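I opened my notebook for a first look at this structure. My plan is to go from the whole chain to its details.

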Amino acid sequence: MTQQFSITSTLKNSTCNIFEFEICASYNPSSKSGMALMQLSMPTGFVYSESWFTNSNPAIRLIETSDQNTFVTFYFDSIARTPATCVTISVFSPYRVYENRDGYIQVLDYYNPSIEGVIPFEAPALDESCA
């Protein structure tokens, strides 16, 4: 099955146990999708930090968190083919977890969830000198 959304995740900045990512998505089939969700399931031991989030993307309509901020959903009216729709988020690790498991980033059409794209959300390496 071909993924309908292209997704990238780029580590932009890190300090000890705080990591800033830019996550971008674009819609492959045509000019733009319908209403879309960008869902992030955090890697083991990481949580989304609402306090460090600045909504620099006016296309975000709503942000919901669950599971003690280990799962976050961004709502958009649509996601275009170009330019990509991006959000910059901060995640942090409040405690050390060894043998982390990756989370995932999923983008899907709200009204037709079979139109989607998914990539792993890889756990960043913690700076051992900050322990």
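Accessible areas here come from the Shrake-Rupley method with a 1.4 Å probe. I looked up the surface of the protein chain with that in mind. The accessible surface comes to about 7200 Å². Carbon and sulfur atoms hold 48% of that surface. I note that this is a predicted model.

Next I checked the secondary structure. I found 9 strands and 0 helices in the protein chain. Along the sequence the pattern reads β-β-β-β-β-β-β-β-β.

Then I turned to overall dimensions. The C-alpha trace spans about 45 × 30 × 25 Å along its principal axes.

I looked at burial and contacts. Of the 131 residues, 40% count as buried. I took contacts between residues at least 6 apart in sequence, and 68% of them join residues at least 24 apart.

Charges came next. The chain has 6 positive and 13 negative charges. Their mean positions lie 8 Å apart.

Last, I searched for disulfides. How many does the whole structure hold? The search finds 1. It joins Cys24 to Cys86, with 2.0 Å from S to S. Cys24 lies in strand β2 (residues 18-27) and Cys86 in strand β7 (residues 85-92), so the pair ties together parts that are 62 residues apart in sequence. The link of Cys24 and Cys86 is right-handed, with 110 degrees about the S-S bond.

Cys86 is partly exposed at 24%.

Technical notes. Residues numbered from 1 in each chain as written. Predicted model: local features only at pLDDT ≥ 70, side-chain atom pairs only at ≥ 80, totals over all residues. Heavy atoms only, no water. Helix = DSSP H or I, 4+ residues; strand = E, 2+ residues; numbered from the N terminus. Buried < 20%, exposed > 50% of the residue type's maximum accessible area, 1.4 Å probe, protein only. Contact = heavy atoms within 4.5 Å. Lys, Arg positive; Asp, Glu negative; His and termini not counted. Charge placed at Lys NZ, Arg CZ, Asp CG, Glu CD. Disulfide = S-S within 2.5 Å.
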